[in-house]
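Let's walk through this fold together, one piece at a time. Have the coordinates open and follow along.

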Amino acid sequence: MNMDMKDNLILQQPFLSRCSEDFESLCINQEGISSVYEFTAEGGQTPDVQAVPDGVVDLMFHISDSDIHCVIGGTVLRFKRWPMEEGTVHFGVRFQAGECILPEEMDIQDIINDDLEIDLRWFGDDMEERLADCTNLKERSDAVRSSLRRLRNQDKAVRSTECLEQYVRKRIFDSRGILSIRQLSQETGYSECYLRRAFSRIHGISPKMFATFLRFQYVLHMMNQGQRTLEEIALECGYYDQSHMIKEFKKFSGTTPEQYYRMISRKKSIKK
């Protein structure tokens, strides 16, 4: 089930593509994966990326001539520096919201606002060799996705709380993040407390926080389109006013809307 898109919304890390001139990505939107991407942080470039809240989980494989290792990270809670190793190929897998796969010993709460290393043998005994033999994004994507497909098929049990979580997640997407936990409680017949537990068990954050992050992502989406004023975006995304939106935008992105617009403009100029 694809829950990651509504009106062409893709949950994004907008600063990721700025860290390297060779950044490339592939849209997947199936098997619980939103996209795959890769880039190289060359010498002389700042190997840190500014991460923003997106409500999803990323796998990141760091591939060098001497070593390959993998970390998994959940959503950040506000803008945060995402360290990258210089002179290394970074290959990422972005899961769709609520669809990540974790090792048995790991809980979603463990990776909220944090990154943890994963033993490559979890993907298969030959994963390190397979990745070392890959030469491009598609080959790396095929290698990792085949392993994730096997891991996902090992546990096909669907629990009642997961069905409830899927409904809540869909309603949050459909409302563009403008939906209260009280409304969800009235719609489902479950208590607000039970809804929070069921949702947090899979996402590691509450429905309210996820909706807040999603609303911020819609702001990014609209600003990238460049067809509305800040006042119009604030109104459409359910903020009290433009000032409220700007305050939250700075908290989550580490920049002002004006600075973000300038970044978009520079990116478009470089592409031309």
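Start at Cys27, which is exposed, with a relative accessible area of 53%. The model you are looking at is predicted. Could you guess which cysteine sulfur is closest to that of Cys27? It belongs to Cys100 and lies 19 Å away, too far for a bond. Cys70 is in no disulfide either, since a disulfide needs sulfur atoms within 2.5 Å and the nearest cysteine sulfur, again that of Cys100, is 13 Å from Cys70. Searching the whole structure turns up zero disulfides.

Six strands form an open sheet in the order 1-2-7-4-5-8, with antiparallel pairing. At its edges sit strand 1 (24–30) and strand 8 (115–118), each pairing on one side only. From one strand to the next, the twist averages 20°. Within the sheet, strand 4 (residues 58–63) and strand 7 (residues 89–95) run antiparallel and share six bridges; here His62 stands opposite His90 of strand 7. Helix 2 (residues 137–153) packs on this sheet, touching strands 1, 2, 4 and 7, and its direction makes about 40° with that of strand 7.

Finally, look at helix 4 (residues 181–188), where Ile181, Leu184 and Ser185 are buried. These three are on the same side of helix 4, because they cover an arc of only 100° around the axis. In general, an α-helix has 3.6 residues a turn, so residues three or four places apart point the same way. Facing away from the buried side of helix 4 are the exposed Arg182 and Gln186. Gly189 follows helix 4, with a positive phi near 85°.

How values were computed
Residues are numbered from 1 along each chain as its sequence is written. This is a predicted model: local features need pLDDT of at least 70, side-chain atom pairs count only at pLDDT 80 or more; totals for chains, interfaces and linings use all residues. Side-chain values use heavy atoms; hydrogens and water are left out. Buried means under 20% relative accessible area, exposed over 50%, partly exposed in between (1.4 Å probe, protein chains only). Helices (H or I, at least four residues) and strands (E, at least two) are DSSP runs, numbered from the N terminus. The arc is that of the directions from the helix axis to the C-beta atoms. Two strands pair if DSSP finds at least two bridges between them. Axes are lines fitted to C-alpha atoms, for helices over the stretch in contact, and angles run from 0 to 180 degrees between N-to-C directions. Contact means heavy atoms within 4.5 Å.
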